Amino acid sequence: MIDPLYGELTKLREFRSSDGGTAFKVVGDDRVTTYLSFDSRTPEMAQKMIDDAIDRADAVPRTEYYLAITRLDEDELIGTCRIAFSGVKAAKLGYATAADHWKRGYTTDAVRTILTFAFERLELHRITAAIGPDNHASQAVVKRLGFTREGVLRDHVFTNGSWRDSVLYSLLRNEWLAN
Ligand SMILES: CC(C)(COP(=O)(O)OP(=O)(O)OC[C@H]1O[C@@H](n2cnc3c(N)ncnc32)[C@H](O)[C@@H]1OP(=O)(O)O)[C@@H](O)C(=O)NCCC(=O)NCCS
């Protein structure tokens, strides 16, 4: 377990089991999940997602940092942000924020915070994000933070009843440190 990580607008903290209800506002909302790699979840599935993540946080070595996004002055989950280790000093990035909180800069701030943690404390080398071609908000987040578009992963995920391509973006440690 890590201490909370602070950005300018948001805080990232470890999940607690009581986050199930607010997590459902994120992963149970079609406005959010239409852009994710899974369909909307029930309240029970959202609770299990949180409880499973809490269990995985105890793994040694740790396989991911899957964290709650909250506003700075509050403790309530408004979104989630995750780096999942994959390969040598590499990780896959994912995030989602409750629709009521979109367009306020919260996600960009939270992702900047987890990238600082990943590159500067964990000393990772490469972080990737696979984003739906129509997901302009998410592509704006990674572009603003310096990611480079690598190409298209064809039929990368099966979601909402059909196969969907992803656009792959990456950021390397030396690029982050040079920013
Ligand atoms: C993608 C998502 C996390 C962005 O969250 P957010 O908190 O609104 O993001 P921010 O407020 O930090 O805005 C980030 C950028 O996206 C832009 N943006 C936000 N919503 C947008 C939209 N609907 N269309 C186009 N751009 C949009 C913002 O203007 C901002 O761009 P800028 O930095 O150039 O000003 C949120 O829309 C979301 O949860 N979507 C569903 C889940 C998802 O797509 N997750 C990522 C999967 S790869």
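Four elements each supply at least two residues of the shell around the ligand: strand S5 (90-97), helix H4 (106-121), strand S6 (126-131) and helix H5 (136-144). Keep in mind that this is a predicted model. H5 gives the most to that shell, with 6 residues. There are 22 residues around the ligand, and those that come nearest are Tyr35, Thr107, Thr108, Ala137 and Ala140. By class, the shell has 12 nonpolar, 7 polar and 3 charged residues.

Next, helix H1, residues 20-27. Its buried residues are Ala23, Phe24, Val26 and Val27. They sit on the same side of H1, because they cover an arc of only 160 degrees around the axis. As for their partners, the buried residues of H1 pack against helix H2 (30-33), helix H3 (43-56), strand S4 (79-85) and S5.

Now the backbone. Most residues other than glycine have a negative phi, and most peptide bonds are trans. Here are the exceptions I want to show.

Val60 and Pro61 are joined by a cis peptide bond, with omega about 0 degrees. Pro61 is in the loop between H3 and strand S3 (64-71).

Lys89 is not a glycine, yet its phi is positive, about 50 degrees. This lysine lies in the loop between S4 and S5. Lys89 has 14 C-beta neighbours inside 10 Å, so it counts as partly exposed.

Asp155, also not a glycine, has a positive phi of about 45 degrees. Asp155 is in strand S7, residues 148-159. Is it buried or exposed? With 10 other C-beta atoms within 10 Å, Asp155 is exposed.

Terms used
Residues are numbered from 1 along each chain as its sequence is written. This is a predicted model: local features need pLDDT of at least 70, side-chain atom pairs count only at pLDDT 80 or more; totals for chains, interfaces and linings use all residues. A residue is near a molecule or strand if its C-beta atom, placed from the backbone, lies within 6 Å of it. Ala, Val, Leu, Ile, Met, Phe, Trp, Tyr, Cys and Pro count as nonpolar, Asp, Glu, Lys and Arg as charged, and the others, Gly among them, as polar. A residue is buried if 20 or more other C-beta atoms lie within 10 Å of its own, exposed if 12 or fewer, and partly exposed in between; C-beta atoms are placed from the backbone. The arc is that of the directions from the helix axis to the C-beta atoms. Two residues are in contact if their C-beta atoms, placed from the backbone, lie within 7 Å.
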